[in-house]
Amino acid sequence: MITTDYLVIGSGVAGLTFAVKIAERFPKRKITIVTKGNEDESNTKYAQGGVAVVLDMKEDSFQKHIEDTLIAGDGLCDESVVQMVIKEGPKRFNELIQWGANFDVDSEGNFSLGKEGGHSEYRVVHHKDITGYEVERALLQRVHQLENVRLLPYHFAIDLITEHHLQKQISQQLSCYGAYVLDEKTREILTIKAQNTILASGGIGKVYGHTTNPEIATGDGIAMAYRAKAQIQDMEFVQFHPTALYNPERGTTFLISEAVRGFGAYLRDKNGHRFMLDYDERAELASRDIVSQSMDNELKKSGDTHVFLDCTHLDIAAFKKHFPNIHEKCKNLHIDIAKDWIPVVPASHYLCGGIAVDKNGKTTIENLFACGECSRTGLHGANRLASNSLLEALVYAHNIFEHLSTKTVQSMDFEIPEWNDEGTIVPKEHILIQHNLFELQALMRDYVGIVRSNDRLTKAITRLDIIYKEVEELYRTSKVNTSLCELRNMINVSHLIIGQSLLRKENRGGYFNIDTI
């Protein structure tokens with residue numbers, strides 16, 4: 001058994017920011033971070049665009065950023081949350097700089113600000129086209145300098161520990177006491193007892209197969225919180241990034257940043273028609289939901305697998321300087337952006353909903369907090385504004401830190417039972433897991449994608465139920481491993497997306513059902 005003051009599940013910007021702050025404030029308290037992959041493998045690392053933050057008060061204002069966020073959220077944002085996050089933004093951004101993160105500057109030494117879909121002004125700070133990677137680097141460097149932080153890579157959180165696991169009377173108010181965690185190297189299951197647990201476990205992209213997220217984005221934190229009976233909200237609002245590089249294979253696809261369209265690229269069909277002008281006066285700079293739905297409509301009409309992003313009319317030298325990674329990736333695939341169009345397709349990118357939290361990041365379970373993409377704060381509403389996600393993670397990690405700084409340490413002199421896997425066996429073959437995973441991903445892409453219908457959603461429930469029963473039986477009889485637990489989590493997440501989609505009676509933002517008026 002490991003005992004810790006703070007258990008952080010996830011090592012992206014949300015989890016690391018909280019860990020750094022609480023460790024600096026309380027050098028005598030212990031912080032344990034568990035992450036199922038390598039320490040730097042997270043959705044943060046793949047965030048190309050940047051951090052949306054108001055720094056230029058002459059051209060921009062908090063009010064403009066607030067309005068842009070509310071427009072994107074299509075009437076479902078919590079306005080007080082939007083105001084709080086955007087006004088806190090510059091302070092939290094400055095802390096990143098103090099921790100050593102570097103951002104691009106212009107010839108006069110001012111931050112070079114980008115503009116992305118849905119933004120009315122230039123306000124996105126970036127580090128080339130690998131902003132997330134730079135933020136992750138700076139935070140990990142700081143974490144390794146702090147002696148009271150223990151970072152455990154290749155440790156997979158299986159389930160949260162609540163009254164259900166203890167021989168305790170279950171009251172109305174559930175509490176979290178830590179988590180059961182699988183050491184992926186030794187296969188041992190650790191019991192981690194914690195005063196407070198912070199879920200910062202990222203997104204759900206892998207549920208759809210075609211995704212801009214890394215392989216690890218399987219919705220683990222949301223599924224664990226759901227099984228622990230926390231409130232989960234707005235799961236129907238899955239954001240699809242309009243321009244992922246078309247990849248005929250399933251799996252993680254390379255993201256062509258929103259900022260490329262901000263830079264002036266056009267979307268065309270195979271005949272060269274610039275179709276976004278038919279859908280929205282902002283054309284390629286309309287918000288993501290509109291661009292994705294328009295692309296989906298074009299692909300359904302033509303039967304094509306992808307459309308094209310045309311950069312041939314742009315200043316290619318400037319493009320290379322702005323987007324070196326994207327240019328290099330295209331070059332490796334024999335796409336010469338000066339002459340060739342880039343084949344693109346929408347891919348699952350970001351979840352606007354998740355574990356419901358208040359302004360302090362508190363879930364509906366005592367001692368359990370959530371921040372980053374796994375949480376639902378009310379900032380994004382029905383559709384996230386580009387580059388607001390790193391901002392949200394920074395602000396909420398700070399709010400959880402401030403809240404917990406005032407909380408007294410509780411006595412934890414009770415026993416937590418060890419994980420019991422008596423009577424289970426190591427599964428002989430992985431084909432059942434792989435088969436069900438591919439079936440689940442195809443089901444979610446085809447039945448619960450960008451444009452939905454009641455008929456497809458209802459059929460999806462029936463099919464998901466078959467997969468669920470088969471996987472639960474496997475889970476009950478097998479010694480746990482990461483791929484089985486991830487599949488189980490993705491089934492829970494899919495169930496939530498389908499169920500909450502059927503409950504929604506109006507189309508808003510990123511949610512579109514053809515049977516809803």
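At what angle do helix H11 and helix H13 pack?

Analyst: This is a predicted model, in which local features need pLDDT of at least 70 and side-chain atom pairs count only at pLDDT 80 or more, while totals for chains, interfaces and linings use all residues. Residues are numbered from 1 along each chain as its sequence is written, and side-chain values use heavy atoms, with hydrogens and water left out.

Helices (H or I, at least four residues) and strands (E, at least two) are DSSP runs, numbered from the N terminus. Two packed helices are described by the angle between their axes and the distance between the axes. Each axis is a line fitted to C-alpha atoms, for helices over the stretch in contact, and angles run from 0 to 180 degrees between N-to-C directions.

Helix H11 (residues 431–447) packs on helix H13 (residues 482–503) at an angle of about 20 degrees, and their axes are 10 Å apart. H11 is therefore roughly parallel to H13; angles under 35 degrees count as roughly parallel, over 145 as roughly antiparallel, 65 to 115 as roughly perpendicular and the rest as oblique. H11 and H13 cross in the left-handed sense, where the near helix is turned anticlockwise from the far one by less than a right angle; clockwise would be right-handed.

Contact means heavy atoms within 4.5 Å. On the H11 side are Ile433, Asn436, Leu437, Leu440 and Met444, which meet Ser483, Leu484, Leu487, Met490, Ile491, Ser494, Ile497 and Ile498 of H13. The contact of H11 with H13 has ten nonpolar, three polar and no charged residues. Here Ala, Val, Leu, Ile, Met, Phe, Trp, Tyr, Cys and Pro count as nonpolar, Asp, Glu, Lys and Arg as charged, and the others, Gly among them, as polar.

Helix H2 (residues 62–73) and helix H3 (residues 79–98) pack at about 135 degrees, with axes 10 Å apart. H2 and H3 are therefore oblique to each other, and their crossing is right-handed. Phe62, His65, Ile66, Thr69 and Leu70 of H2 make the contact with Glu79, Val82, Gln83, Ile86, Lys87 and Pro90 of H3. By class, the contact of H2 with H3 has six nonpolar, three polar and two charged residues.
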